[in-house]
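Subject: Handing over a structure, with notes

Dear colleague,

I am passing on to you the structure shown below, and after it you will find notes on what was found. Please read them with the model open beside you.

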Amino acid sequence: MHFAFTDEHDMFRDTVREIFANQCRAEAIRESWDSADGRVRGLWATLAEVGVLAITAPTEAGGLGMDEVALVRVLEEAGYGGVPEPLVEHVAVAVPALAAAGAADLLNAAVSGESTCTVALATGGPNVVAPVAADLVVAEHSGSLLAVDSGALTVVPKDSIDQSRRLAEISFDPEAATLLAGADVALASDRAALGTAAQCVGVARRLLDITVEYVKERRQFGKPVGSYQAVKHHLANVRLGIEFSAPLVYRAAWSVAHCDDAVVRGRDVSMAKATASDAVDRACRAALQCHGAIAYTFEYDLQIWLKRGWSLSGAYGSASVHRDRVAGALGLSD
Amino acid sequence: MDLELSPRYLEFRDECRTWLHANRPAEPPASMDSAAGFEEHRLWERTLFEGGWSVPAWPSAYGGRDCDLIEWLIYEEEYWLSGVPGRVSANGVSLLAPTIFNFGTQAQQDYFLPRMASGEQIWAQGWSEPEAGSDLAGIKTNAVRDGDDYVINGQKTWCSRGKYADWIFCIVRTDPTAERHAGLSYLLVPADAPGMTRRTIKRLDQESGFAEIFFDDCRVSADNVLGEPGQGWAVAMAAAGSERGLSLRSPGRFMAAAERLRELATASAATAGAATGTAGAAIGTAGAAIGTADAATGTADAATGTAGAAIGTAGAATGTAVNETGSGLDLRLRDEVVDAWIRAEAYRWQTYFVAAELMAGGDLGSEASLMKVFWSEMDLELHATALRLLGDDAEVPSDWLDGYVFALGGPIYAGTNEIQRNIIAERVLGLPRR
């Protein structure tokens, strides 16, 4: 029993944190909103270069051969950085599915960053993230996963409150798609929820950091608003939410990587997502409230993380959906 | 990261579980906050000690078995799952002992620790005063040096188990000229010291769990100062970390409680399901009766009779279905049970995460405040859910009701949760004090 990250995990985390801090600044994110594909210029290539896109891919396929434990550490940073790329979809879900199916060419393209993948899973609902930016969609169909070339998609775009989430409903002819035999739908869905939970924790951390800095500076009645107990308690609650959701995310990552019992794995993932969704919801509410009117503007950058929080909280299953699943695992539902 | 328990730990778990089950008292003792129950609990302490399980994390020289932190957490999980009596010695073992290990002289360690381990000396905490609760630095009880002794005057209150304890660990003011946090000393006082009077205060549950303690020229040896005179605040705060964090409330007790809550919910669901089933069957019978009645009058149209019979069948079927799935559990209550279970797991894994940091040489600073707020509010919510599940019977005395009343104290003792949130905001997040 050793519940801690390794030096390797921490070094990798530090690397991606620096990349996001440099290449994915708020201005770059805002620029991406005006582009056709919603992406941050050059970021995907950098992520490919340092191996982020290849974390979970087997070493024979040019991957790093690391597990979900390493992955959640990086995805947490992606949440913290407000990264608008379909990272969860690509790294957490598509790459392992392509690897499991032995789809060598598709996997190589994904790992090298030549292609961008997204996913269409039943647990994600009708809204697919970034199908316009993607070259390949790993799509659930009749209990299997299919690889669908983006050229074969009919895409009906949909707006999201988060300008970084380019949603669409998609349709395709399953006959024209490639069956990813050996890739498991339930596992893919758990990975999507796990990766999103990790991002939720990162988003919550960023919201807290921004707000703490703000309330230290902002003065009313002659003193910093952060000195008032009401504000302190709001932010202490946010910290509590983070403190007790992150370990569930790390524990779930371990289960996805090492647990063969799908019920236990699903329970652990759902505990993590339910808790992380609640934590980020709480962080959004408190961040907005503690800032006051400035946070209610489009211009102030807090909105990047507020909107990410609102959308990721519900993505791949809201807290109530995942509680329902935990209830099932505990024998408390039909 | 490795979340499997190695064979060594699995063996430890087995050994621990086997011993607890073999030695569990046939009858639960009376409340430790009654005179008789206190002594019954002391006997349990003795049993634990003789089996080598009273203070497993201590060095063997003092009656422990040198457990590491992971073993201790496993021990706690097994302890609370097994349903053995609670620890009347918790104040000493969880709060004072870490302080004695840190600050005690060799003579103090050699004298107090073995007696604490065996239950011969059971401790109460004498910190709060009528005018000093959350504002602990405002204490007024003073101790004046007189030769080889200190002479104490003042009053302590809300001392849990203070009426029956053998010793009290106190914070007193030894330098009347010093301000607030300075000039305090940590003093160990035997309950039979001349000049000490103890009076019980009935708690909410009518047990005499609290004592107020009056010192009138109460004389104790100067050898009983723990740490340096005047350093009482620093010594006390080291213990406060233990009190708020994992040593007082390990995850094991909440995991056990969450599991019992799950069982309670399953049982209530079955009862409610059966009741709904009965109701469904009754609708079925009524429906069938309408059908029969219609057929019997011979004047009603046949369709009504058929419809009545159909409702009867559907009603009976619903009754059976509900009965089988036990879905009689209200969804909101079900989610509360799920949340209790998730929170217990969250506390467990957060603790293992902290434990790994401690074992790597880190220390539990203001993080302890995060843990204290979390476990105390989790415990309260968990028991509130149990009472909601019990419904009409919630007010009737039960272990759940006792647990609820006990849990109500959690957000108050060991520093109120309001104070803990201030600590989190100021020391963890770095917000300005004023």
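In chain A, helices H7(A) and H11(A) cross in the left-handed sense, a crossing being left-handed if the near helix is turned anticlockwise from the far one by less than a right angle, and right-handed if clockwise. Helices here are DSSP runs of H or I with at least four residues, strands are DSSP runs of E with at least two, and both are numbered from the N terminus.

Before going further, please note that this is a predicted model, in which local features need pLDDT of at least 70 and side-chain atom pairs count only at pLDDT 80 or more, while totals for chains, interfaces and linings use all residues. Residues are numbered from 1 along each chain as its sequence is written, and chains are lettered from A and ligands numbered from 1 in the order in which they are written.

To return to the two helices, the axes of H7(A) and H11(A), the latter covering residues 302-314, come within 9 Å and cross at roughly 150 degrees; axes are lines fitted to C-alpha atoms, for helices over the stretch in contact, and angles run from 0 to 180 degrees between N-to-C directions. H7(A) and H11(A) are therefore roughly antiparallel to each other, given that angles over 145 degrees count as roughly antiparallel, under 35 as roughly parallel, 65 to 115 as roughly perpendicular and the rest as oblique. Among the residues that meet are A:Cys200, A:Val203 and A:Leu207 in H7(A), and A:Trp305 and A:Leu312 in H11(A), where contact requires that the C-beta atoms of two residues, placed from the backbone, lie within 7 Å. The residues of this contact of H7(A) with H11(A) divide into 8 nonpolar, 4 polar and 2 charged; Ala, Val, Leu, Ile, Met, Phe, Trp, Tyr, Cys and Pro count as nonpolar, Asp, Glu, Lys and Arg as charged, and the others, Gly among them, as polar.

Chain A is divided into domain 1 (7-179) and domain 2 (185-329), with bounds that come from an automatic or database domain assignment. The C-alpha centres of domain 1 and domain 2 of chain A lie 21 Å apart, and 32 residues of domain 1 are in contact with 33 residues of domain 2. On the side of domain 1 that touches domain 2, H4(A) gives the most, with 10 residues, and by class that side has 17 nonpolar, 8 polar and 7 charged residues.

Turning to the sheets, an open sheet of 4 strands in chain A has the order S1-S3-S4-S7, with mixed pairing; two strands pair if DSSP finds at least two bridges between them. Strands S1 (117-120) and S7 (178-179) of chain A stand at the edges with a single partner strand each, so one side of each is left without a neighbour in the sheet. S1(A) runs parallel to S3(A) (residues 136-141), to which 4 bridges join it, and A:Ala120 stands opposite A:Ala139 in S3(A). Helix H5(A), residues 87-101, packs on the sheet, touching S1, S3 and S4 of chain A, and its direction makes about 80 degrees with that of S1(A).

S3(A) and S4(A) run antiparallel and are joined by 6 bridges, with A:Val138 opposite A:Ala147 in S4(A). These strands, S3(A) and S4(A), form a hairpin with 2 residues between them, and A:Ser142 in the turn has a positive phi of about 50 degrees. S4(A) and S7(A) also run antiparallel, joined by 2 bridges, and A:Leu146 stands opposite A:Leu179 in S7(A).

In a further open sheet of chain A, 3 strands follow the order S2-S6-S5 with antiparallel pairing. Within that sheet, S5(A) and S6(A) pair over 5 bridges, and the bridge partner of A:Thr154 is A:Ser171 in S6(A).

Finally, the contact between the chains takes 38 residues from chain A and 40 residues from chain B. H8(A) gives the most to the side of chain A that touches chain B, with 8 residues. Helix H9(A) (residues 246-258) and helix H9(B) (residues 331-359) pack at an angle of about 85 degrees, with their axes 8 Å apart, which makes H9(A) roughly perpendicular to H9(B). This contact is made by residues including A:Leu248 and A:Arg251 of H9(A) and B:Trp349 and B:Phe353 of H9(B).

With best wishes
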